[in-house]
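Me: I would like to learn how to read a few local features of a model. Please take them one at a time.

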Amino acid sequence: PAVAMTLPRRLAQLRALSAEHGHALPTSAHVDPTLFRWSARQRSLRKQGTLAEAVIAELTAVGFVWDPLQAAWEGLTRAQCLLLASGCYVLRYLQS
């Protein structure tokens, strides 16, 4: 019940975050630290298997990042590929 009352508000916050920053991954530096903590709790509940499928579907629909570490890794890999493609000699040197 309490989660159901806050879900629309949290979804709106995630949509706004995505519109402003291009992702729905609140960080501890986010202007509303409660959104960061709430997001971490949703991830934890999902891992435990206790988060409702409807909530998972709604969060996924707004682009919620379920695995922040994986997202960070993928972001670094994309950035490295872009740098290599642009002819970044430092990365080419480090890889040799």
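Me: In which helix does Gln13 lie?

Reply: This is a predicted model, where local features need pLDDT of at least 70, side-chain atom pairs count only at pLDDT 80 or more, and totals for chains, interfaces and linings use all residues. Residues are numbered from 1 along each chain as its sequence is written, and side-chain values use heavy atoms, with hydrogens and water left out. Gln13 lies in helix α1 (residues 2–21); helices are DSSP runs of H or I, at least four residues, numbered from the N terminus.

Me: Is Gln13 buried or exposed?

Reply: Buried means under 20% relative accessible area, exposed over 50%, and partly exposed in between (1.4 Å probe, protein chains only). Gln13 has 19% relative accessibility and so counts as buried.

Me: Which residues of helix α3 are buried?

Reply: An α-helix has 3.6 residues a turn, so residues three or four places apart point the same way. In α3 (residues 53–61), the buried residues are Val55, Ile56 and Leu59. They cover an arc of only 100° around the axis, taken from the directions from the helix axis to the C-beta atoms, so they lie on the same side of α3. Glu53, Ala54 and Ala61 are exposed on the other side of α3.

Me: How many aromatic pairs are there?

Reply: A pair of aromatic rings is described by the distance of the centres and the angle of the planes. Rings of Phe, Tyr and Trp (its six-membered ring) pair if their centres lie within 6.5 Å; planes under 30 degrees apart count as stacked, over 60 as edge-to-face and the rest as tilted. The count here is 1 aromatic pair. The ring centres of Phe64 and Trp66 are 4.6 Å apart and the planes are at 75°, so this pair is edge-to-face.

Technical notes. Helix = DSSP H or I, 4+ residues; strand = E, 2+ residues; numbered from the N terminus.
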